[in-house]
Amino acid sequence: MRGYPLLALLVVAARAEVLPRGRLIEDLKCAADPSQGYALYLPSNYSSERAWSLILAFDPRARGSAPVERFQAAAETYGYIVAGSNNSRNGSGESSMAAVRAMSADLDARFRIDERRMYTAGLSGGARVALQVALGTDKIAGVIASSAGWPDATPRKSAPFAVFGTAGTEDFNYLEMRLLDRTLTTPHRVAIFDGGHTWLSSDLAVEALEWMEIQAMKSGRRARDEALIEKIFVKRVARVEAQTQEKDVWLALAALTSDFSGLRDVSKFAARETELRRRKAVKDALKKDRAEEQREERLMAGLAVLEAGIADPNQRAANLAQLKDRLTDLSRQAGASQDSSERRMARRMLRGALVGAMESAKDPEYRKLLDRFRPMAGNR
């Protein structure tokens, strides 16, 4: 191989390396840049005889194995390679983009990737990286965004890729993900689960990839697979029937008819969805949900005004006193023994205040005040 450029030699060596299939590799170094690495999962039946779908995943604390573990079962079932960066983290956007470039180049050198079936995924700041990557290229088929949305915080009505978002009921970015769901009109879904600010579960990762498979068939990115369509359709119908509240039945029906239109006869489900949408109980439940979101938005805005006023010596003492009262009230609600919409909202707001203070609060007395409430906010 005398005369080969160094990069070409590295590519040849990477392709020749035999990597284990069907298990998590925690830190694979990029051949061209060993300072960059990623966790990897190759399906047990991986072969270079065909091209494979790929997920590039980004954790806010550079824990590449965290998302790979969550997607592992789904990737094995549906034939995805999953790679989680061990370098991308909250902070420097340039370092995250460097990680994206290095990881992408290394994966392309090592494996046969389906260029029409490349996806990104992320949690929190990592979700913003995942969406930023997708917005900057036309090569991403879809994004799985956990607990955060657009990198510039600007709501969008459309996106050239599919979006599957998730948020916990006690997630401080819950309202952001609800806004994304209300605003976006192109193919998307936002799944809400009981929990906090965290990666989607392994079960929800299966749902996410099943949804992406359906979207890929509808968009022509993959050939129709009637057996797979039927398998997923049956699961989704069962999920509709498992709902106990009329509002939740309506939401599940609306998603089912939208996702499978053109793939299955959904006329009877569409008719049922239309009938439920007209019911007073459904309208009232949706109106109540929106009213609670608006109330939370107002309360958060009020906290922000008080926090900003701390910088004014004429307002500082009064604002600190009001913040103490409001945080004490939130702490009391967050510690309630019974689950409720009030407890969930209090936990979201309290956690949001603490996270925001870590990033921007300069006043030492306010930071000390917030530290008193940290145990109640927890890391749910």
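A residue is called buried when its relative accessible area is under 20%, exposed when over 50%, and partly exposed in between (1.4 Å probe, protein chains only). The model is predicted, so to speak of local features a pLDDT of at least 70 is needed, side-chain atom pairs count only at pLDDT 80 or more, and totals for chains, interfaces and linings use all residues. Residues are numbered from 1 along each chain as its sequence is written, and side-chain values use heavy atoms, with hydrogens and water left out.

Rings of Phe, Tyr and Trp (its six-membered ring) are paired if their centres lie within 6.5 Å, with planes under 30 degrees apart taken as stacked, over 60 as edge-to-face and the rest as tilted. In one of them, Tyr80 and Tyr119 have ring centres 5.7 Å apart and planes at 45 degrees, so the pair is tilted. Tyr80 belongs to strand S4 (residues 80–85) and Tyr119 to strand S5 (residues 113–123), 39 residues apart; strands are DSSP runs of E with at least two residues, numbered from the N terminus. Both Tyr80 and Tyr119 are buried.

The rings of Trp150 and Phe161 likewise form a tilted pair, because their centres are 6.5 Å apart and their planes stand at 55 degrees. Trp150 is buried at 4% relative accessibility, and Phe161 is buried at 3%. Over the face of Trp150 lies Arg156, 4.9 Å from the ring centre (the criterion being NZ of Lys or CZ of Arg within 6 Å of the ring centre and within 35 degrees of the ring normal). Arg348 lies over the face of Tyr174, at 4.2 Å from the ring centre.

Definitions and conventions
Helices (H or I, at least four residues) and strands (E, at least two) are DSSP runs, numbered from the N terminus.
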